[in-house]
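Reader: Hi! I'm new to looking at protein models. Could you walk me through this one?

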There are 2 protein chains.
Amino acid sequence: MSTQDYMKQLGQQARQAARAMAAATTADKNAALQAMAAALAADREGLKAANAQDLERGRANGLDHAMLDRLALTDARIDSMIEGLQQVSALADPVGEITDMRYRPSGIQVGHMRVPLGVIGIIYESRPNVTVDAASLCLKAGNAAILRGGSESIESNRRIAQAVRAGLAHARLPADAVQVVDTTDRAAVGALISMPEYVDVIIPRGGKSLIERITAEARVPVIKHLDGICHVYIDDRADIAKAHRIALNAKTHRYGVCNAMETLLVAEAIAADVLPALADAYRDKGVELRGCPKTCALLKGVAAATEADWATEYLAAILSIRIVAGMDEAIAHIEQYGSHHTDSIVTEDYTRARQFLREVDSSSVMVNASTRFADGFEYGLGAEIGISTDKLHARGPVGLEGLTTRKFVVLGDGHIRE
Amino acid sequence: MSTQDYMKQLGQQARQAARAMAAATTADKNAALQAMAAALAADREGLKAANAQDLERGRANGLDHAMLDRLALTDARIDSMIEGLQQVSALADPVGEITDMRYRPSGIQVGHMRVPLGVIGIIYESRPNVTVDAASLCLKAGNAAILRGGSESIESNRRIAQAVRAGLAHARLPADAVQVVDTTDRAAVGALISMPEYVDVIIPRGGKSLIERITAEARVPVIKHLDGICHVYIDDRADIAKAHRIALNAKTHRYGVCNAMETLLVAEAIAADVLPALADAYRDKGVELRGCPKTCALLKGVAAATEADWATEYLAAILSIRIVAGMDEAIAHIEQYGSHHTDSIVTEDYTRARQFLREVDSSSVMVNASTRFADGFEYGLGAEIGISTDKLHARGPVGLEGLTTRKFVVLGDGHIRE
């Protein structure tokens with residue numbers, strides 16, 4: 001069978017399964033998740049053996065250290081996959097929630113019901129733990145999922161797929177509710193993003209080039225996660241201790257994550273009070289600093305930032321610093337160079353806090369908090385499938401709710417339109 | 001200037017205006033809407049003269065009666081445009097609404113703030129009243145709008161644009177917050193749907209072929225309104241009087257609308273009790289009936305429905321009727337042939353009503369009510385820009401809320417991630 005035909009078959013099966021999944025009870029979905037956890041725990045050795053094959057082939061193919069690290073299934077990672085399934089099982093079921101039921105002057109009662117999206121296609125790198133995360137979230141939200149992980153993880157994903165199928169069978173849910181694409185042919189991705197009749201939404205996870213390619217070529221709606229060029233703006237009315245703590249945490253808590261700060265903006269009136277000590281703290285952590293001319297004049301040994309620096313997601317121990325006249329210039333900088341991901345102001349000024357919250361057009365806008373909080377777990381979503389940098393449908397961390405939609409429900413008693 | 005460059009300029013100006021619009025006060029937006037209404041009222045004769053030019057050219061170019069009717073600006077239509085502006089001014093401002101603010105274990109407070117989408121492009125037929133509707137809804141929701149009406153209405157739209165600009169100037173809002181595309185070159189549409197850097201969402205209104213073309217070619221997210229193949233299912237536990245009333249209203253209240261019923265499904269056990277009188281009532285209204293073999297056996301003079309009938313949006317005084325074994329078969333029919341727009345069950349059975357509401361995957365699902373209620377005004381949205389048949393973002397009638405999105409807001413007191 002051609003890859004095209006194979007993907008079409010997966011699509012048809014998923015569409016079929018989606019109808020049963022939308023009607024599945026909360027108890028059955030939870031039972032499936034628990035059974036998947038048990039199946040993974042029982043197959044720990046088999047899973048590690050399959051993963052060892054992937055790792056061996058990966059090494060032979062010259063994968064770099066970071067890729068091999070993401071590919072590896074250690075005992076700790078398997079534990080965390082099992083725990084993740086149990087956590088998703090414990091989350092409230094979003095499907096069927098009815099809100100806003102109101103009587104209208106005509107006499108009908110109108111409200112919203114939360115319902116699954118249908119079929120979700122997820123395309124991701126060679127990280128087998130994502131297979132379990134994505135399967136569990138899609139399933140709990142009542143969707144059918146088609147999962148396409150990186151080809152380097154094919155043996156691990158096949159083995160995980162067995163546990164997933166066992167869980168579905170245990171709860172008597174359709175076997176095609178979660179399908180793991182069983183081919184390493186790259187044409188599978190092209191096919192998956194071109195079947196609007198079978199797939200309702202595509203969620204790509206991975207590098208920027210993959211996501212940009214998928215967005216450009218997809219004929220199915222995409223919920224995407226692009227750059228995080230996040231800012232902290234230290235206002236001249238900031239509490240200096242809070243500013244120091246937040247700016248340090250936002251940059252140095254973790255470097256390679258999308259919610260890390262990449263550019264620090266500081267009001268001119270407070271720069272001399274806050275920057276020297278902060279610069280020392282960054283240097284202690286080994287962070288390279290690049291600054292605007294005013295920053296370079298204030299701090300010794302800071303390299304000049306170029307125009308490209310302001311628009312770069314370093315994902316590394318590098319920080320660009322710019323001294324601005326005040327909040328308006330900070331907001332303008334964020335608007336021009338930011339990626340609408342997460343931006344925070346440090347201020348004790350009520351009016352400025354309110355204005356920053358309203359005017360900064362980012363998926364997360366914060367006052368006196370580290371950008372590192374932009375995360376589904378920290379926000380109380382229970383889990384996240386990603387952080388959307390789109391404006392439509394889901395913006396910011398995407399949890400179960402982002403994998404659902406709402407329909408109108410209307411209750412009458414023989415009502416007609418006059 | 002080429003059409004491409006002209007559209008790019010509109011896009012840049014809209015992007016610039018969108019930032020100011022997002023920060024505009026409710027009072028200023030309402031003042032602009034009121035001033036637009038006053039400007040239209042003051043320019044009634046000028047508007048009618050401009051419209052007369054469009055009508056004359058339209059007649060010379062052989063537009064058909066229906067197209068000329070949609071193009072014409074009568075006094076009643078101008079009144080209704082003015083009233084529409086006043087109604088939108090009276091609606092609650094959705095922008096800035098904060099919901100779900102909750103403290104998290106970390107100590108941060110997290111919630112959602114409703115914010116504008118940004119720049120909205122609307123592409124529609126030669127119906128000048130849509131220019132006013134679209135402008136007012138986009139403006140109230142804090143967006144910048146680029147409006148591209150059909151080329152036959154260019155003179156009317158130019159004149160309306162004057163009134164819109166006067167209203168914006170009166171409230172000191174940016175002149176580019178609403179831009180009417182001032183060229184009849186068809187390349188303008190292609191350019192508008194290909195500028196994701198300037199346009200956040202496209203809303204096409206019009207015929208199916210236009211919408212399909214835009215959806216296929218757009219590089220910007222589209223909120224679209226495709227077919228309404230709506231069903232009423234009369235369950236064998238239906239109240240016959242309610243069933244008669246609803247089935248008659250859903251088909252005959254208006255024929256050319258997307259929420260009119262196109263196929264009637266009737267449970268076999270009740271068909272002989274409900275269909276003969278209903279068929280007489282349809283015939284009295286001049287509705288042509290097409291039926292499945294069982295329907296044709298029960299009712300005299302009903303033509304046989306073909307497979308194509310079940311998948312057709314007649315938008316006319318034609319109805320297809322199918323007798324089904326029961327609700328499961330009805331739901332399967334709706335799933336196979338429907339367009340996920342609006343479907344209604346008539347039943348007195350609690351369990352079936354509940355199951356139908358949950359399992360039918362349409363933007364509006366009803367119990368004992370006419371499909372004709374699927375409408376923004378009837379649902380209490382105040383006004384609607386269209387009825388979305390998409391699943392993501394906005395589903396069903398789209399009002400002000402559908403023209404906005406939500407961002408996360410986080411309030412802390414120096415909180416950092418440990």
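Reader: What radius of gyration does chain A have, and what would a compact globule have?

Author: This is a predicted model, and chain A has a radius of gyration of 24 Å. For 418 residues a compact globule would come near 22 Å, so the value agrees with that.

Reader: How much of chain A is buried?

Author: Buried residues are 53% of the 418 in chain A.

Reader: Which way do the residues of β12(A) point?

Author: A:Thr342, A:Ser344 and A:Val346 point one way, while A:Asp343 and A:Ile345 point the other way.

Reader: Which strands are joined to β12(A) by bridges?

Author: Strand β7(A), residues 230-234, is joined to β12(A) by four bridges, and the two run parallel. There, A:Ile234 has A:Val346 as its bridge partner. Four bridges also join β12(A) to β13(A), residues 364-369, again in parallel. In that pairing, A:Asp343 is partnered with A:Val365.

Reader: How does the chain cross from β12(A) to β13(A)?

Author: The chain goes through helix α15(A), residues 350-359, and this β-α-β crossover is right-handed.

Technical notes. Residues are numbered from 1 along each chain as its sequence is written. Chains are lettered from A and ligands numbered from 1 in the order in which they are written. This is a predicted model: local features need pLDDT of at least 70, side-chain atom pairs count only at pLDDT 80 or more; totals for chains, interfaces and linings use all residues. The radius of gyration is taken over C-alpha atoms; the globule rule is 2.2 Å times the number of residues to the power 0.38. A residue is buried if 20 or more other C-beta atoms lie within 10 Å of its own, exposed if 12 or fewer, and partly exposed in between; C-beta atoms are placed from the backbone. Two strands pair if DSSP finds at least two bridges between them. A crossover is right-handed if, with the strands pointing away from the viewer, the path from the first strand over the helix to the second runs clockwise.
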